[in-house]
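I opened my notebook to look up a few things in this protein. My entries follow below.

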Amino acid sequence: MSKPLSDHDRKKQISVRGLAGVENVTELKSSFNRHLHFTLVKDRIVATKRDYYFALANTVRDHLVGRWIRTQQHYYDKDPKRVYYISLEFYMGRTLQNTMVNLALENACDEATYQVRACFLDSMASLGLAAYGYGIRYEFGIFNQKIVNGWQVEEADDWLRFGNPWEKARPEYMRPVKFYGRTEHHPDGVKWVDTQVVLALPYDTPIPGYRNNIVNTMRLWSAKAPCDFNLKDFNVGGYIQAVLDRNLAENISRVLYPNDNFFEGKELRLKQEYFVVSATLQDIIRRFKVSKFGSREVVRTDFNKLPDKVAIQLNDTHPAMAIPELMRVLVDEEELDWDKAWDICVRTCAYTNHTVLPEALERWPIDLFAHLLPRHLEIIYEINRRHLENVAARFPGDHERLCRMSLVEEGGQKRVNMAHLCIVGSHAVNGVAQIHSDILTDFYEMDPHKFQNKTNGITPRRWLVMCNPGLAEVIAERIGEDFIRDLDQLKGLLKYVNDEAFIRDIAKVKQENKLKFAAHLEEHYKVKINPNSMFDIQVKRIHEYKRQLLNCLHMITYYNRIKKEPNKQWTPRTVMIGGKAAPGYHTAKMIIRMITAIGEVINNDPVVGDRLKVIFLENYRVTLAEKAIPAADLSQQISTAGTEASGTGNMKFMLNGALTIGTMDGANVEMAEEAGDGNLFIFGMRVDDVTALDKKGYHAVDYYNRLPELKQAMDQISTGFFSPKQPDLFKEIVDMLMHHDRFKVFADYEDYIKCQEQVNELYKNPKEWTKKVIYNIAGSGKFSSDRTISQYAREIWGVEPTLEKIPTTAGFVQP
């Protein structure tokens, strides 16, 4: 029997070839040693693993720099329409390996060293779009999760402690951002005065396209206090206090707020949102104004052309302030009349909605707005006045509709509804899965032409070639390598569904990935698992709507069945759940504690043995996902129908050969269409069923009394079977499930358990299981972020993707 190939060898077999005469092993080794010696000031005797990483990162970065400069020069010369994607939550993950794949350097770098990128930015560069990602350079990331005695404990994610070899500070493009103050109305216009200024310092990160010589830019802003205090005006104590007060300004970019789908109206968050928007718009307008006329540089002053040269995509409501800020700039600073400015604003901006949960929608208190951004509140009031005039003209006499569609919500506390602001101020509004877009109909009757769908996607470079090279190789052997930039070509695998050799190859790669992940778990989690068991994985943020609790009920039910009939041939399972609970989300933290408590009982029961294990994957993040997803047999996507905007984790699992058990929610609907209904395990209520149950009334007690296994599981939780030292530990969760569960866990329990029985039965037949895996991989083409971005480009931004390369020469470093 031949020895399994290592990932290193597999990557060599997928032709990640270097550019002729440049990225050869000798030159890379020389560059690597030069950076180790001169950049890091180390020799091999004292160099650490981190030093080797930084030396390699700088070596790869050298090959980016020339392309990066050349790309930006190309955009300046050609003056294409530019796309600006604003998000407060860029999850980049590991940069080095992804960059090597895109530059075709990975093979040579492997030889020389044996050694969230965000999907949309990767695709924009790979499709040749003149695109820029804008966000905040957070000093601290979301947090590192530790599990201590079964509880989540948060630790600071000090990700910049050792520096970041990929970023380049650009102090020459620093921009002032104003807060507070007051407005003065004069005959010649409005002035925003007596403001406090924070400086926005940009840091640029290169975003390489897939082997097309294009390197786009992600620009993240860091908050800096201005040095505008006069030392003569301070005594020693006053000077020290002034220096200390600088921290208050710089707190703006200190920490990323966790995205827990629950809105908290904190002043710091609104500051962050306006900070990134103000700095970004200044940058956009600066770039817009610089134009070429022949060989001469001229200043473009005709703002009517802004929508022809600029597309601004608002990713969620977090950058919603771009709309009143653009209006402020156009009206107050560029002195356009309101109607012209508004037309320009709407044609420039577009909005992507990411949630249908009402508690997640941003609604900022008027008092906070008036204090922090007084001029913007005036502008929002004027936008709303004109908007409601249009609504009243379109639907005369419908007062309820006026209240429902207003940008300013009345009631106990007046608030600005940021989603409404985004919809009114954009020319296009899209959800991120077809079912989600169908639900997004609040303003549809008013402006049906605005509403679109853009189903999310993932980049195959990171989520297949990089994290699962064994599978990429097996696919490439059958259909070639072009699927990496055209994922639709995976449909070519359908002709191999009954090919015995292909079935064996797919199953072998999965088993190798499982063995590697089992070894990782044993090393890092000190738990030994059965690599022949079904790897049943649910990894996502811990939230009630994601229904990790439904998964818990299945684990308990399966455990009880094994205990009742220990001699029966049960399908062995290793259930893994991972995800972070937002620090202030008490119920989510209790859900984590319940998962760990269930695991403590099941994992130590000798009757069960290795037929069922429960593992909580501590500190789930991109780097762990890259190991877990290729190893998964079963992917749990079990949110209540109508609550998941899209999901991208479900797509990553599908592409990597896991079968999905899920509700008809988010992108699951389209996944079932692409792979074939019979190749996913679909259960539970559809959106219409949930709506009907809401009207009828959901009574959890009825299910509890009717379903004996559900009753047994709930009684075990409530009487302390899983928490003998604290019998009432999970009282709050029991009360929630029994009396005020918005996400109706019990309503789907019976169908979910039956569906899990089908999963168990199929897993006993590896050949038939693997055939369904092949159908899923072959149906994954739609879920490439390349397809998503191509649709955004053509249908929202008005630009055409291209696979053309920017011309460059081998070895080019500086223009």
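**Overall count.** Helices (H or I, at least four residues) and strands (E, at least two) are DSSP runs, numbered from the N terminus. The model is predicted, so I noted the limits: local features need pLDDT of at least 70, side-chain atom pairs count only at pLDDT 80 or more, and totals for chains, interfaces and linings use all residues. Residues are numbered from 1 along each chain as its sequence is written, and side-chain values use heavy atoms, with hydrogens and water left out.

**Cover.** I looked up burial next. Of the 815 residues, 59% are buried. Buried means under 20% relative accessible area, exposed over 50%, and partly exposed in between (1.4 Å probe, protein chains only).

**Helix α20.** This helix covers residues 548–564, 17 residues in total. From first C-alpha to last it reaches 24 Å, close to the expected 24 Å. The expected span is 1.5 Å times one less than the number of residues. I found 15 of the 17 residues of α20 buried.

**Strand β14.** Which way do the residues of β14 point? Cys349 and Tyr351 point one way, Ala350 and Thr352 the other. All four are buried. In a regular strand, side chains alternate between the two faces of the sheet.

I then checked the neighbours of β14. Two strands pair if DSSP finds at least two bridges between them. Strand β13 (residues 310–315) runs parallel to β14, with four bridges. Ile312 stands opposite Cys349 there. Strand β18 (residues 428–431) is also parallel to β14, joined by three bridges. Thr352 has Asn430 of β18 as its bridge partner.

**A three-strand sheet.** I found an open antiparallel sheet in the order β15-β17-β16. Its edge strands are β15 (363–365) and β16 (408–409), each pairing on one side only. Two bridges link β16 to β17 (residues 415–417).

**Largest cavity.** What is the volume of the largest cavity? I noted about 60 Å³. On a 1 Å grid over the protein atoms alone, a cavity is a set of points where a 1.4 Å probe fits but cannot get out; lining residues have an atom within 4 Å of a point. Grid points are joined across faces, edges and corners, and the volume is the space filled by probe spheres set on the points. Its lining includes Lys540, Gln637, Glu644 and Asp665.

Notes:
1 Å grid on protein atoms, 1.4 Å probe; cavity = no way out; pocket = protein on both sides within 12 Å on 5 of 7 lines; lining within 4 Å.
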